[in-house]
Amino acid sequence: MNKMKVGVIGATGMVGQRFLTLLEDHPYFEVTTLAASARSAGKTYEEAVGERWKMSVPMPEKYKKMVVLDAAKIEEVGKNCAFVFCAVDMKKDEIRALEEAYAKAEIPVVSNNSAHRWTPDVPMVIPEINDAHLEVIEAQRKRLGTKRGFIAVKPNCSIQSYVPALTPLLKYGIKEVVATTYQAISGAGKTFREWPEMIDNVIPYIGGEEEKSEQEPLRVWGKVENGEIVKADAPLITTQCIRVPVTDGHTAAVFVRFENKPTKEEILDAWKNFSGKPQALKLPHAPEQFITYFEEDNRPQAKVDRDIYGGMGVTVGRLREDSLFDYKFVGLSHNTLRGAAGGAVLIAELLYREGYFN
């Protein structure tokens, strides 16, 4: 089949690098364009990245000699790609303007950035959970005055470790959630080589992360009304977000209270049987089992379990009744795969199969 030509904007950063490793042999997409800041433009990808390659696998040969373009030169970047992935490191207002400029130039954007997560007509999608939000793209195109161009984004990496586990339990009337996330250093775009201060250390603050972790689930669980996404008004969520000395994988300790308390067996059954559009369509990066539960008391573990189903599965363990809340459990997701580049690639696969790039 003829693969769809795509570009990666912000290709030199950690998430951009992850995009390239995921897309190296993709059945739908072929990376034809790499773009980054003006200081990288004109260099080969190998030269632009230099010593900053952060993946555990070598840089794919096919990208090394590709010349990096200036992401700000939209016409030049867009002339050889049908849509772009975006993972740039800029100020939020600059990202908003850049992504909207690409969309208005009829180049759809699938973004890893947070800049448009609260734009009312931009879908923020976990494909197994709220694929129906993609219908808001029609209203977004009317606002932008485009035929093809639009923006779709993925949510914050931290919520992927507990929102998937809570979603199939919403039918029992979740009232309150307390979640503490223990977040890997790659979430800050860092390795231990670059951030030696994190070795043997815990930092009890990640800027802006707690607000995202408390509010973004409500948008994922919201609904489309009059051409925009209206966030859910419940449950009440409170979080703490802590940086821990782990390379990859965000862990969450979760407490939950219900209107109608389910049995433990009902919860386990809901997790086991929870799947969505990606599984039905057998998308390339869809995990066969979205949520995997471990019976062992010492699982899930970041080092052992983060790579389940290519890092796209979510793992849960230690479900038990609580003396203050109804239940507590531990969740885990790979923050740069399910939580970042992999989640965006899965959104793009869904958009492709649903015809949004046509």
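Are F83 and F357 buried or exposed? F83 is buried, and F357 is buried as well. The legends below describe close-up views of a predicted model.

**View 1. The stacked ring pair of F83 and F357.** The ring centres of F83 and F357 lie 4.1 Å apart with their planes at 10°, so this pair counts as stacked. F83 belongs to strand β4 (residues 83-86), whereas F357 sits in the segment after α14 (337-353), so the contact ties together parts of the chain that are 274 residues apart in sequence. The structure holds 17 aromatic pairs. Ring pairs also join F83 and F357 into a cluster with F19, Y28, F29, F85, F150, Y352 and Y356.

View 2. Strand β1 (residues 4-9) runs parallel to β4 and is joined to it by 4 bridges. Within that pairing, G7 has V84 of β4 as its bridge partner. Strand β5 (residues 109-111) also pairs with β4 in the parallel sense, over 3 bridges. There the bridge partner of V84 is V109 in β5.

**View 3. The parallel sheet that contains β4.** Six strands form an open sheet in the order β3-β2-β1-β4-β5-β6, and the pairing is parallel. At the edges stand β3 (69-70) and β6 (151-153), each of which pairs on one side only. Strands β5 and β6 are joined in the parallel sense by 3 bridges. V109 has I151 of β6 as a bridge partner.

View 4. Helix α1 (residues 14-23) is mostly covered, with 9 of its 10 residues buried. Among the buried residues are M14, V15, F19, L20, L22 and L23. Q17 and R18 of α1 are buried too. The buried residues of this helix pack against β1, β2 (29-36), α2 (45-49), α3 (61-64), β4 and α14. One of them, F19, belongs to the aromatic cluster of View 1.

**View 5. The mixed sheet.** A sheet of 6 strands, open and with mixed pairing, has the order β10-β7-β11-β14-β13-β12. Strands β10 (236-243) and β12 (291-294) are at the edges with a single partner strand each, so one side of each has no neighbour in the sheet. From one strand to the next, the twist averages 20°. Strand β7 (residues 174-183) runs parallel to β10 and is joined to it by 8 bridges. Q183 stands opposite R243 in β10. Helix α9 (residues 209-220) lies across β7 and β10 and runs at about 140° to β10. Helix α10 (residues 264-272) lies across β12, β13 and β14, at about 175° to β13.

**View 6. F325, its ring partner and a charge over its face.** How far is the charged end of R257 from the centre of the F325 ring? The charged end of R257 sits over this ring, 4.3 Å from its centre. F325 also forms a tilted aromatic pair with F255, at 6.1 Å centre to centre and with 55° between the planes. F255 lies in strand β11 (residues 250-258) and F325 in the loop between β13 (314-321) and β14 (327-333), so the pair links parts of the chain 70 residues apart. F255 is partly exposed at 29% relative accessibility, whereas F325 is buried at 13%.

View 7. The structure holds 0 disulfides. For C86, the closest cysteine sulfur is that of C81, 12 Å away, which is too far for a bond. C86 is buried, at 1% relative accessibility. C157 is in no disulfide either, and the nearest cysteine sulfur, in C241, is 9.2 Å away. C157 is buried, with a relative accessible area of 12%.

Key: Residues are numbered from 1 along each chain as its sequence is written. This is a predicted model: local features need pLDDT of at least 70, side-chain atom pairs count only at pLDDT 80 or more; totals for chains, interfaces and linings use all residues. Side-chain values use heavy atoms; hydrogens and water are left out. Rings of Phe, Tyr and Trp (its six-membered ring) pair if their centres lie within 6.5 Å; planes under 30 degrees apart count as stacked, over 60 as edge-to-face and the rest as tilted. Helices (H or I, at least four residues) and strands (E, at least two) are DSSP runs, numbered from the N terminus. Buried means under 20% relative accessible area, exposed over 50%, partly exposed in between (1.4 Å probe, protein chains only). A charge sits over a ring if NZ of Lys or CZ of Arg is within 6 Å of the ring centre and within 35 degrees of the ring normal. A disulfide is a pair of cysteine sulfur atoms within 2.5 Å. Two strands pair if DSSP finds at least two bridges between them. Axes are lines fitted to C-alpha atoms, for helices over the stretch in contact, and angles run from 0 to 180 degrees between N-to-C directions. Contact means heavy atoms within 4.5 Å.
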